[in-house]
Amino acid sequence: MATFLVRRLLQGVIVVVAAAIFVFVATRAVGDPVDFILPLSASEEQRENLRVELGFDRPMSEQFVDYAGDVARLDFGESTYLNDDALTVVFDYLPKTLQLVGFGMLISLVTSVPLGVLASRKPGGRLDKILTTASLTGLSMPQFFLGQVLVAVFITRLTWFDPGPGPWHKNLVLPAICMALPAVGRLAMTVRSAMIEELNSQYVKVARAKGMPARRVSGVHALRNAGIPFVTLYGWELIRALAGYTVVVETVFAWPGLGFVLIQGIKERDFYLVQASVFVVAVLVVVISIVIDLVYKALDPRVQLS
Amino acid sequence: MTERSGPLLEVDHLRVEFFTRRGQVQAVRDVSFHIEPGETLGIVGESGSGKSVTAQALLGLIELPGKITGGDVRWRGESLVGEGCEKVLDRVRGNEIAMVFQDPMTSLNPTFTIGFQIAEVLRRHMGMSRGDAKRRVIELLDLVGIANPTQRVKQHPHEMSGGMRQRVLIAMALACEPQLLIADEPTTALDVTIQAQILELIAELQQELGLAVILITHDLGVVAGVCDRVCVMYAGRIVEQATAVELYGTPGHPYSAGLLRATPRLDEVLPRLVSIDGAPPDLLKPPAGCGFAARCPLAIDRCVSESPTITLHQHEGKDRHVACWRAFDDVLL
């Protein structure tokens, strides 16, 4: 166990370092930040002065060495767009994102498992066909489009929700659903096929023969085994939600989270903010994947961690 | 439970069919037998003869596309087939009738400890508390000859060998002290030395606990050692029922005779083992006559046109039950 954690943490450090290097190169490849900071009327001299002040005139290698040193000290510089310490900005917006991801993934957890189990009860039956079609529809709908549909239907048409600011729990509903829906489809399909496989296995027949009620056989015996592939996919969905879906969903719903701010940062060529956000998300991804491995181990005693 | 006389289990004209895309497979056709308390009944036959399907049908474990399409199974007078049987089956399964399956490697749930899986039965049928169940599980593991039961209860199936897992499954089956144990090829997946141990274990436990056993096997050698009576199954039917001694002495059905000639014996030197040529009929379209006719050296026209039912024959002053137009024909011997 200890060796496993040490090894996974070392691997995690490599992942985070790689992400930090990548974001350094990527930000510098997209364009000149000075154009965004200064007004269009600024003279070439003023631009040059600002470049020198910010250090963008120096060779790339020199900039990188400085950057590496700063990152090692967790100093990400000052956001040029929000005029505040970049890491502080990230931590200001992160809770909103975690709220959205947490609630969205909770929705996908509590809906996909029952749906998948229901569909698996009679493979090829009417309920299975309806649920499978619905899942496919959900998972094949792009979130930027799904988001617009949700806004059009529930805010504009039905006016169940206000377009403007409101109580947080009310504002959270639509973005969280938008976050959850594609994952629900994929997860429900995984639960379905895993349950079908488990229900056909010999230990299920043995459990029936020893007098266990059908409900317990599927809900305890088969479900725990079906949980093994489910957890693998769920972890992957969680990471995708945090490191991907948030950007789209937060933008569509103007949700003031890290994804929303990150997009603004990219638009404004705010290198420091982008670097800090990517770094923090990379660390979270590493932590989540370690937790997923531990859950996996708890579910399946055959798994060896080292 | 009230005392009642008569057989423990009666199977009466049982039919099981599987509804496949190609048609209805008549896996079990008109099977009747009974078992008395404490008795050991062997059901022998080759793969696909319907013996496992019969066993599973007894406990209502046939699932779609399979279905019991006729006949009855009565457990101490109560029907285990048809309307209202689920309630009876809920009480009977694992409690009054227990079953041990062929493949111990896949019969245990890989994600739960063996202690949990045995305790579950006790908690369900005997309403035991967690603590009581755990103590009983340790006793049971000890009973089936597993060393260090206190450590073993906490282990998962993958930490055990095949023979050990079959012992666990036997302990699980015996947990509620059933009156009948159905053992469906319990030793097929095991090494030969372990096979003998498991059979001995079942025989010992039977003596000790006085339970009846239905032993399903394709191995006539096994049957000879442990069974009181034997049903020989072929193509979904019982073709002969006899005591083990009678069957080995003078098989009444040409198929039984063929099986015996294909089985090595210790008490007699056979010139060589003889296999039965041909293959069993397709049960999608079972033949009109005797299922064995196409492979039978004694077949006559009547065998092809008319199906023999199991009937009483007198042979050497004994009552014998054989489904054959040429039962006990001299050529058999």
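This is a predicted model: local features need pLDDT of at least 70, side-chain atom pairs count only at pLDDT 80 or more; totals for chains, interfaces and linings use all residues.
Biologist: Which residue of β4(B) is the bridge partner of Glu17(B)?

Modeller: Lys67(B).

Biologist: And what is the strand order in that open sheet of four?

Modeller: β2-β1-β4-β5 in chain B, with antiparallel pairing. β2 (23-35) and β5 (78-79) of chain B are the edges; each has a single partner strand, so one side of each lacks a neighbour in the sheet.

Biologist: Which strands does α1(B) lie across?

Modeller: Helix α1 (residues 51-58) lies across β1, β2 and β4 of chain B, at about 115° to β1(B). Angles run from 0 to 180 degrees between N-to-C directions, with axes fitted to C-alpha atoms, for helices over the stretch in contact; contact means heavy atoms within 4.5 Å.

Biologist: Other sheet. What is the order of its eight strands?

Modeller: β6-β7-β8-β3-β9-β10-β12-β11 of chain B, open, with mixed pairing. Its edges are β6 (97-100) and β11 (311-315) of chain B. The twist averages 20° from one strand to the next.

Biologist: Are β3 and β8 of chain B parallel or antiparallel?

Modeller: Parallel: five bridges join β3 (residues 40-44) to β8 (residues 212-217) of chain B. Gly42(B) stands opposite Leu215(B) in β8(B). α7(B) packs on this sheet, touching β6 and β7 (180-184) of chain B, with its direction at about 170° to that of β6(B).

Biologist: Now the interface. What area is buried between chain B and chain A?

Modeller: About 2100 Å², with 59% from carbon and sulfur atoms; that is accessible area (1.4 Å probe) lost on putting the two parts together, summed over both. In contact are 25 residues of chain B and 20 of chain A.

Biologist: How many salt bridges?

Modeller: Two between the chains, taking a side-chain nitrogen of Lys or Arg within 4 Å of a carboxyl oxygen of Asp or Glu. Lys210(A) forms one with Glu120(B), the closest N and O atoms being 2.9 Å apart.

Biologist: Which element of chain B gives the most to that side?

Modeller: α4(B), with six residues.

Conventions. Residues are numbered from 1 along each chain as its sequence is written. Chains are lettered from A and ligands numbered from 1 in the order in which they are written. Side-chain values use heavy atoms; hydrogens and water are left out. Two strands pair if DSSP finds at least two bridges between them. Helices (H or I, at least four residues) and strands (E, at least two) are DSSP runs, numbered from the N terminus.
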